[in-house]
Amino acid sequence: MIYGYIRVSTDRQTLENQRYEITAFCQKEHLAVGGWIQETISGTRAASERELGKLLERVGKDDLIICAELSRLGRSLFMIMDILNTCMEKECRVWTIKEGYRLGDDIQSKVLAFAFGLSAEIERRLISERTREALSRKKSEGMKLGRKSGTRNQHYKLDAFASDISEALLRGESQSSIARRLGVTRSTLALWIKRDNVLI
């Protein structure tokens with residue numbers, strides 16, 4: 001199945017330009033788009049919160065996603081790498097028109113998949129290290145990270161990691177992954193996000 005993926009950030013932008021680019025490209029390559037996915041949403045939102053996330057769940061071996069350019073998939077490098085890595089794990093190809101990228105089942109794509117996975121692992125370790133350093137600093141300053149037994153939460157442990165959590169969410173990292181890294185349950189993290197109105 002061939003999918004055309006179109007995304008714009010605001011209502012003032014037009015989806016038609018991207019649709020035209022993809023249609024013209026497919027005519028040149030003798031391809032037929034079997035399904036269109038188009039949405040008006042910021043590329044900083046996690047793929048799971050977009051129509052793109054639903055597409056990634058159903059694609060499989062030999063499917064092809066065509067988009068005008070990589071920035072349509074996401075606005076950060078790590079988000080794009082995570083999306084492309086998901087596609088390669090599912091053996092779904094991704095082609096972009098402007099950059100001419102063709103990610104599929106070839107040695108170049110496998111090298112890229114390795115690089116994506118390595119970069120993501122390095123980023124996870126750096127975040128984890130920053131988290132441990134922040135915890136250590138807070139403890140050395142005499143701050144009690146937990147709450148006193150029998151008292152209600154007035155200070156939240158996750159407040160100290162607000163910026164890290166927001167950055168991770170914008171990169172598209174799942175709440176479950178963030179919660180594991182910070183040593184809390186997913187429900188605790190979800191409640192904290194809701195309480196602080198964190199952008200997700």
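This is a predicted model: local features need pLDDT of at least 70, side-chain atom pairs count only at pLDDT 80 or more; totals for chains, interfaces and linings use all residues.
1. The crossing in which H5 passes H6 is right-handed.

2. The residues that form this packing can be named on each side. H5 contributes Ile-165, Ala-168 and Leu-169, which meet Gln-175, Ile-178, Arg-181 and Leu-182 of H6. Sorted by class, the residues in the contact of H5 with H6 are five nonpolar, one polar and one charged.

3. The connection between the two helices also deserves attention. H5 covers residues 162–171 and H6 covers residues 175–182, and Glu-173 is found in the loop between them. The relative accessibility of Glu-173 is 15%. Because buried means under 20% relative accessible area, Glu-173 counts as buried.

4. Which side chains make polar contacts with the side chain of Glu-173? One of them is the side chain of Ser-177, at 2.8 Å. Another is the side chain of Arg-181, at 3.1 Å.

5. With neighbours within four places in sequence left aside, Glu-173 is in contact with Ile-127, Ala-168, Ile-178 and Arg-181. Among these, Ala-168 in H5 and both Ile-178 and Arg-181 in H6 also belong to the residues through which H5 and H6 meet.

Conventions
Residues are numbered from 1 along each chain as its sequence is written. Side-chain values use heavy atoms; hydrogens and water are left out. Helices (H or I, at least four residues) and strands (E, at least two) are DSSP runs, numbered from the N terminus. Buried means under 20% relative accessible area, exposed over 50%, partly exposed in between (1.4 Å probe, protein chains only). A polar contact is a pair of N or O atoms within 3.5 Å; within protein, one must be able to donate a hydrogen and the other to accept it, and residues adjacent in sequence count only if both atoms are side-chain atoms. Contact means heavy atoms within 4.5 Å. A crossing is left-handed if the near helix is turned anticlockwise from the far one by less than a right angle, and right-handed if clockwise. Ala, Val, Leu, Ile, Met, Phe, Trp, Tyr, Cys and Pro count as nonpolar, Asp, Glu, Lys and Arg as charged, and the others, Gly among them, as polar.
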